[in-house]
Amino acid sequence: MSRRWGPLAGLLTAHTVSLTGNMLTLIALPLYVLAETGSPAATGLAGAFATAPVVLGGAFGGVLVDRIGYRRASVLADLVSGVTVAAVPLLHATVGLPFPALLGLVFVSGLLDTPGQTARIALLPEAATAAGVPIERAIGWFEATERGSRLIGAPVAGLLVSVLGALPVLAVDAVTFAVSALAVAALVPASLRPSAAADVPSAGYWRDFLAGLRFLAREPLLRAVVLLVLVTNLFDATKSNVLMPVVAARDLGGAAAFGLLVGAMGGGALVGSLVFSAVGHRLPRRATFVTAFAVAGAPPFWALAAAPPLPVIAAVCVVSGLAAGAINPLIGAVKLERVPATMRARVYGVIGAGAWAAMPVGALGAGLAADRFGTTATLVAVGAGYLLVVLTPLLGGPWRDLRRPAPAERPQPARSPTPAATGAE
């Protein structure tokens, strides 16, 4: 491998391996809790404890990532998360693992997950430049790794849980964190960082943190994106953390079916991300954004509620994933156009935390609603709400700015510490 491709390959490899491990936990954890307790409400509580630290880590960890360096932050986050995930099967096999202790370990494990991902994303423009790859294409590849992780990790996790049980799968997840840390340490040089980062001294943790908040507050389009994704992620959390595993365990055959459905959506999204990386620069952004969200959001909920055979639900998930593959690359391009290089981690962290903030509520609320009203009614209602929310960009407002800037007006975030101009996007 040539030296210029090393950083980009290292980031893509680490992101793929780390997110594949996350898929293992996504499948194994709710099925483990459901098997131990038999309660959708307890499963929802575990989902809330898994997602709440992602919000907190994203909100408060971004400043630390900016200060200690992106490469170092990525490695440290993976190592600490790996240790905490490994503690779950280790304690279960030795002194025992009470449910509150499981919740605590799940919480600590997720606390550094978002900062680690943020650090890798923040290095992407420089890695792409070193490799001579257009940033739009690099973003498409980066998002495709997430989708590919779902395609690989979810079905494999379902099969492993069926054969070995949930706890050994969590042990495998711990290994993936170590591999991810090694990939970044070995392939991403310490010198790879935004050139402007060294020119802007820190003003202190809380001032840096507030600077990220103020920057986001001045960006109407980014605020609108965060609000929309906050609500849709709440809905998605009801599906992935509670409703889909409950339906899979009750009606579709258990862990293998759950893994198949998540993998089907991930496979479709992988193709969608790759297609978008090739043709996305030619598509109108707002129309693509709304169409992708409308197709990706409600149909899986309604398919699960209708209870057709498993292959039909899987086909719906493939189509939904295909549309979803365009969403994150589009949002990622907008963020890179608007956020200055010296503030990437803290602003991305705040954006990520805002987008994830309601997911613990979604997971917990879905468990309670499924217990009270049944899974079918909950699926139908959430799907309807999802569709209504994702149509709101058609109303205009800040969404009118969701368009591509002219080449001469594109900001250069890796070289300037000043915020990008926003009027022409």
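Colleague: How many salt bridges does a search of the whole structure find?
Modeller: The search finds four, a salt bridge being a side-chain nitrogen of Lys or Arg within 4 Å of a carboxyl oxygen of Asp or Glu. This is a predicted model, in which local features need pLDDT of at least 70 and side-chain atom pairs count only at pLDDT 80 or more, while totals for chains, interfaces and linings use all residues. Residues are numbered from 1 along each chain as its sequence is written, and side-chain values use heavy atoms, leaving out hydrogens and water.

Colleague: What makes Asp 78 and Arg 120 a salt bridge?
Modeller: Their closest N and O atoms are 3.4 Å apart, and the limit is 4 Å, so the pair qualifies. Asp 78 lies in helix α3 and Arg 120 in helix α5, so the pair ties together parts that are 42 residues apart in sequence; helices here are DSSP runs of H or I with at least four residues, numbered from the N terminus.

Colleague: Why does Asp 78 count as buried?
Modeller: Buried means under 20% relative accessible area, exposed over 50%, and partly exposed in between, with a 1.4 Å probe and protein chains only. Asp 78 has 4% relative accessibility and therefore counts as buried, and Arg 120, with a relative accessible area of 1%, is buried too.

Colleague: Why is Val 275 called partly exposed?
Modeller: Val 275, found in helix α10, has 44% relative accessibility and therefore counts as partly exposed.

Technical notes. Helix = DSSP H or I, 4+ residues; strand = E, 2+ residues; numbered from the N terminus.
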